Amino acid sequence: GIVPYYYETQVRHYMAVANIDHAAICCAWGFKKEETALIFLERDMDLEKEIMDAESRFIDCVMCGIEPDVADENQ
């Protein structure tokens with residue numbers, strides 16, 4: 001729970017489009033080693049499909065000039 005959902009989602013999107021199986025997110029909130037976290041992610045094809053489906057729905061709305069309904073999105 002240390003990485004904000006939208007950061008993880010963005011990195012998972014990059015993993016999908018770049019077709020890579022691993023990535024890391026570095027979170028730093030200070031200058032000391034103990035004020036840093038390195039979180040490793042492995043590709044999750046089910047979650048990736050959910051992300052890509054949500055992106056497709058959003059693009060469809062934009063292309064049709066419809067305001068997307070984001071009330072039911074996770075975060």
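A residue is called buried here when its relative accessible area is under 20%, exposed when it is over 50%, and partly exposed in between (1.4 Å probe, protein chains only). Glu48, at 12% relative accessibility, therefore counts as buried. The model described here is a predicted one, in which local features need pLDDT of at least 70 and side-chain atom pairs count only at pLDDT 80 or more, while totals for chains, interfaces and linings use all residues. Residues are numbered from 1 along each chain as its sequence is written, and side-chain values use heavy atoms, with hydrogens and water left out.

Helix α1 has 14 residues and reaches 20 Å from its first C-alpha to its last, close to the 20 Å expected at 1.5 Å a residue. The expected span is 1.5 Å times one less than the number of residues in the helix. Val11, Arg12, Met15 and Ala16 are the buried residues of α1. Seen down the axis of α1, these buried residues fall within an arc of 145 degrees, so they line one face of the helix; the arc is that of the directions from the helix axis to the C-beta atoms. On the face turned away from this buried side, α1 carries the exposed residues Tyr6 and Val17.

The buried residues of α1 pack against β1 (22-28), β2 (36-42) and α2 (45-64), where contact means heavy atoms within 4.5 Å. Two of these buried residues can be followed individually. Val11, in helix α1, counts as buried at 17% relative accessibility. Not counting residues up to four places away in sequence, Val11 touches Ala23, Ile25 and Leu41. By contrast, Val11 and Asp60 are 22 Å apart in space, C-alpha to C-alpha, and 49 residues apart in sequence. Arg12 is also placed in helix α1, and its relative accessibility of 10% makes it buried. With neighbours within four places in sequence left aside, Arg12 is in contact with Leu41, Glu42, Arg43, Asp44, Leu47 and Ile51.

Asn19 has a positive phi of about 55 degrees although it is not a glycine. At 56% relative accessibility, Asn19 counts as exposed.

Helix α2 comes next. At 1.5 Å a residue, the 20 residues of α2 should span 28 Å, and its end C-alpha atoms are 28 Å apart, which agrees. Glu48, Ile51 and Cys61 are buried in α2. Viewed down the axis of α2, its buried residues fall within an arc of 150 degrees, so they line one face of this helix as well. The face of α2 turned away from its buried side carries Met45, Asp46, Lys49, Met63 and Cys64, which are exposed. The cover over the buried residues of α2 includes α1. Glu48 of α2 is in contact with Ala16 and Arg43, leaving aside its neighbours within four places in sequence. Arg57, another residue of α2, is partly exposed, with a relative accessible area of 46%. The C-alpha atoms of Arg57 and Asp69 are separated by 9.6 Å, with the two residues 12 apart along the chain.

How do the two helices meet? Two packed helices are described by the angle between their axes and the distance between the axes. The axes of α1 and α2 come within 10 Å and cross at roughly 95 degrees. Axes here are lines fitted to C-alpha atoms, for helices over the stretch in contact, and angles run from 0 to 180 degrees between N-to-C directions. The helices α1 and α2 are therefore roughly perpendicular to each other (angles of 65 to 115 degrees count as roughly perpendicular, under 35 as roughly parallel, over 145 as roughly antiparallel, and the rest as oblique). From α1, the contact is made by Glu8, Thr9, Arg12, His13, Ala16 and Val17, and from α2 by Leu47, Glu48, Ile51, Met52 and Glu55. By class, this contact of α1 with α2 has 5 nonpolar, 2 polar and 4 charged residues.

Note on methods: Helix = DSSP H or I, 4+ residues; strand = E, 2+ residues; numbered from the N terminus. Nonpolar A, V, L, I, M, F, W, Y, C, P; charged D, E, K, R; others polar.
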